Structures are given as C-alpha cells and as structure tokens.
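Dear colleague,

I am handing over a structure that I would like you to look through before we next talk. Please open it first, and then read the notes that follow.

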Amino acid sequence: MKTTFRDEPMNILCALLSLTVSLAIVPRVSAADQPALDPHLEPLHAWLDKTFKSEGKEPNSGKPATDVSRWERALNGKAVRILHSLNDGTYGGECIVMWDEEKQTVCYHYFTTAAFTHEGNMIFQDGKLITHELVKGSANRITEVRGQIEMRPDGTFSQKTEFLKEGKWMPGREAVYRPDPTARVIFK
C-alpha cells in the first residue's frame, strides 16, 4: 500500500495516539514492577507510603504536641525515608534507614532542623522496632536516645522513648500515631 501526502496527517495522528497510549501504560507497568524492599528492611513495610499523626503533650512541659510522620520507600528499596515535623514545623527531621553490610545491622541517620543529628541502629524483636541512637551536636545535653515502636493490628503504632541527659536516663515522648492521609509534614 502506497502512502500519499494526503494520508500523512492520519499516520501522524495514529502514531501520536499510539505513543500517548504507550506512555499512559508504561508508568503503571513500571510501578507494578518496582523492586521489593531490601529484605533486611521488610519489617518496615507496614509503614510505607503512609502518613501518621499523633496528638499528645511534650514530655517536660506538658504543652500540646502534634507530630506528623511520613514513611516512604527510597533508593530503589535499599532504604526507607521518614520525614516528620512537630507542631506545624517548629521542629522537624528526616531519617534514612538502611542495611549496613559492614556492621550487619539496620542503621539510620536522622537529621534535624535544630542542627543536630543522630546515628542509630534498630532491631526487630517480637513485632517491635527497638532503637538506640547517639546524638551529635547541641541537643540540650542529650547524648543518647533509645526507643520502642510497635505497629498495632488496627494500623496505628505506639512509640515510647527515653533519653540520656547528663548521665541519667529520663522519660521521653510517648505517643500513639494514627494513619492520617490528609496530614502534611511541614518544614518552616
């Protein structure tokens, strides 16, 4: 069949339509084919692609405190990224969780808007995340933090922390986080 100049607009239209359909399908296929989470991080899967919010009080002052956290798959499944902010951005942080081959443990680095950082590790034990971190920088004389996070069957999770300040372990924050797809992590 010989194509004439008159047929050319129809051929271009068909090609564009075919390309548009292909482009619409490709993202769906590639999203379905995304690599799984690193097997060492698999216990974090229940939190992924969700935003959680807790309402509570600050441990020392008793003032209201709202924390929003967002958990995401990162670096092609080799990491989990957690963003969070307290009280609409008065404080916030970002955490990257990865398997450390050399140390043979799950490690994380937490960076804050208050210019201090944490380096820690976590273990998965009896359905809980047990964390321990060293604080670097000026964090009100706090040098270590340890905590426990537990995902509950109803989709909420509880978190309880304590911190080492001037050689004494003190109670930290205790909160229940509920899924809240409308909540947003805010940095000011």
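How many bridges join strand S4 to S5? Eight bridges join S4, residues 91-100, to S5, and the two strands run antiparallel; strands here are DSSP runs of E of at least two residues, as helices are runs of H or I of at least four, numbered from the N terminus, and two strands pair if DSSP finds at least two bridges between them.

Before going further, please note that this is a predicted model, in which local features need pLDDT of at least 70 and side-chain atom pairs count only at pLDDT 80 or more, while totals for chains, interfaces and linings use all residues. Residues are numbered from 1 along each chain as its sequence is written, and side-chain values use heavy atoms, with hydrogens and water left out.

Where S4 meets S5, Asp100 stands opposite Thr105, and the hairpin of these strands has four residues between them, with Gln104 taking a positive phi near 55°. On S5 itself, which covers residues 105-112, six of the eight residues are buried, so the strand is largely enclosed by the rest of the structure; buried means under 20% relative accessible area, against over 50% for exposed and in between for partly exposed, with a 1.4 Å probe and protein chains only.

S5 also pairs with S6, residues 117-125, in the antiparallel sense over six bridges, and Tyr108 stands opposite Gly120 in S6. These two strands form a hairpin with four residues between them, and Ala115 in the turn has a positive phi of about 70°.

Turning to the pockets, the largest has a volume of about 1200 Å³, and of the 38 residues that line this pocket, the closest to its centre are His84, Leu86, Tyr91, Tyr110 and Arg173. A pocket is an open set of points on a 1 Å grid over the protein atoms alone, where a 1.4 Å probe fits, with protein on both sides within 12 Å along at least five of seven lines, and lining residues have an atom within 4 Å of a point. Strand S8, residues 142-151, gives the most to the lining of the largest pocket, with six residues.

The second largest pocket holds about 170 Å³ of space, and its lining includes Asp100, Tyr108 and Gly120, which were mentioned above.

With best wishes

Notes: Points joined across faces, edges and corners; volume = space filled by probe spheres on them.
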